[in-house]
Amino acid sequence: MAVKILFFARSRELAGVSETSVAVQAADTTESLLSHLLEQFPALKELDGRFVFSLNHEYLERGSVVPLKAGDEVAIIPPISGG
Amino acid sequence: MGVPFDDELEQLRAENEALKVEVQRLRQAQSSSLPEPRSQNDLETPSTHSWDGLGHGLSRDDIARYSRQIILPSFGAQAQGKLCRGSVLIVGAGGLGSPAALYLAAAGVGRIGLVDKDTVELSNIHRQIIHREGTVGQHKCDSAAQSIAGLNSRVQVELHRDGLTPENAVGIVTRYDVVVDASDNAPTRYLISDACCVARKPLVSGAAIGLEGQLTVYCAGDDSPCYRCLFPEAPLPQSCSRCSDAGVLGVVPGIIGTLQALETIKLISGVGQPLSRKLLLQDAWAGRFQSVKLRARSAGCVACGDAPSITAETLADYDYAAFTGQAPNDGPPRPLRLLNPEQRITVQQLRDRLSSEQGSSTASTDPSAPPLVIDVRPPEQFAICHLPGAEHMPWARFARFEQRLLDLAAGDRPIVVMCRRGNDSQRATARMLELGMQSVVDVVGGVEAWARDVDPDFPLY
């Protein structure tokens with residue numbers, strides 16, 4: 001099954017794409033997905049967890065472990081400081 | 001037209017601008033001596049008109065001017081009255097603050113505080129639409145105040161020309177109903193959020209870079225989070241793109257700043273649902289807006305939690321530069337000192353070497369041979385302007401050019417490395433020295449120094 005990942009702001013620059021799709025297993029969680037993303041896009045390590053992480057348009061508490069299901073959409077949203 | 005005429009015109013323009021600023025100052029001095037924010041026009045005499053007892057407090061002129069939003073069923077005279085008696089502090093008179101201030105002034109917010117300490121530059125105006133060609137070089141507060149006065153002379157404008165600091169932040173924020181974060185850097189964003197927590201003021205936070213924008217309302221009620229609830233650890237300096245480096249399409253902060261004005265109007269007038277606990281994300285490239293539901297206030301937050309360590313007493317001593325690793329501005333990064341002086345040359349030395357008549361030399365390290373210029377700026381910047389014959393190897397993708405560099409190392413041509421200001425070129429030079437290349441030097445100050453000190457026709461951006 002596949003989940004969709006959206007990258008915003010600096011994470012988009014670091015990943016080099018604005019979105020991607022990742023195949024996950026039944027046992028996968030938001031936490032294991034994050035680890036997978038850091039392997040696939042090592043440049044994201046720069047963010048060091050300093051971003052809003054959302055699942056299906058809802059904020060996820062840092063460190064929370066939520067099982068994933070097909071069609072889920074997660075987003076990595078670092079703050080923009082410019083104006 | 002002759003030069004003397006131009007000079008005279010220039011002088012008259014300068015005098016005119018100076019007079020405008022003086023008028024604005026006098027107007028403020030006059031209004032700040034009033035005990036209450038003005039909701040009635042000075043020209044009006046106390047009256048006993050039939051609309052006086054209706055509680056909205058609007059004058060005949062107010063009603064005429066704001067009629068189109070007053071007749072709006074979901075807004076009305078009471079909401080307009082609150083707006084005319086209300087106040088807002090806008091931190092930053094830039095890409096976000098320009099449309100925010102203009103719309104809030106047009107909508108009739110009674111008192112607008114503007115915080116900025118920069119001067120208007122030509123490169124600001126594509127997005128900072130409150131400023132004008134004629135105010136380039138002026139303090140942004142003065143320039144913005146002139147535009148507001150021209151748009152709605154009934155708005156009282158207060159200028160905070162020294163910027164927001166830990167020492168003055170709480171005192172300034174306390175004097176307004178709503179605060180708009182239209183700043184351009186991380187330390188100021190944390191300072192504004194903390195001051196709003198301490199002063200218990202709702203904060204309309206907008207941000208924009210490139211083709212992306214973000215908008216939310218912090219500290220607007222008991223469960224409403226602050227900036228630190230979402231981002232307890234500051235982003236690293238390299239994660240904070242600046243408009244001056246990364247670029248921004250002017251209309252993007254224009255949209256976010258306009259939405260900030262909208263949220264401010266809603267908060268002051270009490271109309272509608274504030275964008276609290278929701279983060280609106282604009283993706284201008286894809287033509288998409290989406291919102292993410294945010295967390296509630298964090299009980300453990302150091303600024304707005306149940307036992308905050310950042311308080312009215314401690315905020316002034318908080319070191320925001322240390323917390324974020326950045327100075328509170330969006331100026332260029334500090335010059336690096338990665339190389340030894342003998343590994344660097346000035347732009348004047350570069351000019352002399354490029355104009356050397358020697359031609360190519362057979363000696364592999366002959367410093368008098370005309371060098372090859374390697375320009376390591378991003379492609380967008382290289383496409384604007386570069387030195388004739390410069391070879392392009394963007395630093396962000398430098399590893400791809402290793403084979404080319406090794407080929408060059410085997411040749412006989414000395415190499416000079418340039419970037420925009422002289423930091424990335426030092427990094428690239430250091431990398432080339434690591435690769436064993438001998439005759440490589442860095443150009444101090446990059447193409448900006450070249451434009452400033454050697455070729456006045458070379459574009460600055």
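Guide: The buried residues of helix α5 of chain B are B:Gly97, B:Ser98, B:Pro99, B:Ala100, B:Ala101, B:Leu102, B:Leu104, B:Ala105 and B:Ala107. The model is a predicted one. Helix α5(B) spans residues 97-107, and nine of its eleven residues are buried, so the helix is largely enclosed by the rest of the structure. The cover over these buried residues includes the helices α3 (67-70), α4 (76-85), α6 (140-151) and α11 (251-269) of chain B, together with the strands β1 (87-91) and β2 (111-115) of chain B. Just past the end of α5(B), B:Gly108 has a positive phi of about 100°.

Another helix of chain B, α16, can be described in the same terms. In α16(B), the buried residues are B:Ser425, B:Gln426, B:Ala428, B:Thr429 and B:Met432. Viewed down the axis of α16(B), they fall within an arc of 160°, so they line one face of the helix. These buried residues pack against β9, β10, β12 and β13 of chain B, and also against α15 (402-410) of chain B. After α16(B) comes B:Gly436, with a positive phi near 95°.

The strands named there belong to a sheet. It is an open sheet of five strands in chain B, ordered β9-β13-β12-β10-β11, with parallel pairing. At its edges stand β9 (344-345) and β11 (391-392) of chain B; each has a single partner strand, so one side of each is left without a neighbour in the sheet. The pairing of β9(B) with β13(B), residues 440-443, is parallel and runs over two bridges. Within that pair, B:Arg344 is opposite B:Asp442 of β13(B). Helix α16(B), residues 424-434, packs on this sheet, where it touches β9, β10 (372-375), β12 (415-418) and β13 of chain B, and its direction makes about 175° with that of β13(B).

The axes of α13(B), residues 347-354, and α17(B), residues 446-453, come within 9 Å and cross at roughly 80°. That angle lies in the 65 to 115 range, which makes α13(B) roughly perpendicular to α17(B). On the α13(B) side, the contact is made by B:Val347, B:Gln348, B:Leu350, B:Arg351 and B:Leu354; on the α17(B) side, by B:Gly446, B:Ala449, B:Trp450 and B:Asp453. By class, the residues of this contact are five nonpolar, two polar and two charged.

Key:
Residues are numbered from 1 along each chain as its sequence is written. Chains are lettered from A and ligands numbered from 1 in the order in which they are written. This is a predicted model: local features need pLDDT of at least 70, side-chain atom pairs count only at pLDDT 80 or more; totals for chains, interfaces and linings use all residues. Side-chain values use heavy atoms; hydrogens and water are left out. Two strands pair if DSSP finds at least two bridges between them. Helices (H or I, at least four residues) and strands (E, at least two) are DSSP runs, numbered from the N terminus. Contact means heavy atoms within 4.5 Å. Axes are lines fitted to C-alpha atoms, for helices over the stretch in contact, and angles run from 0 to 180 degrees between N-to-C directions. Buried means under 20% relative accessible area, exposed over 50%, partly exposed in between (1.4 Å probe, protein chains only). The arc is that of the directions from the helix axis to the C-beta atoms. Angles under 35 degrees count as roughly parallel, over 145 as roughly antiparallel, 65 to 115 as roughly perpendicular and the rest as oblique. Ala, Val, Leu, Ile, Met, Phe, Trp, Tyr, Cys and Pro count as nonpolar, Asp, Glu, Lys and Arg as charged, and the others, Gly among them, as polar.
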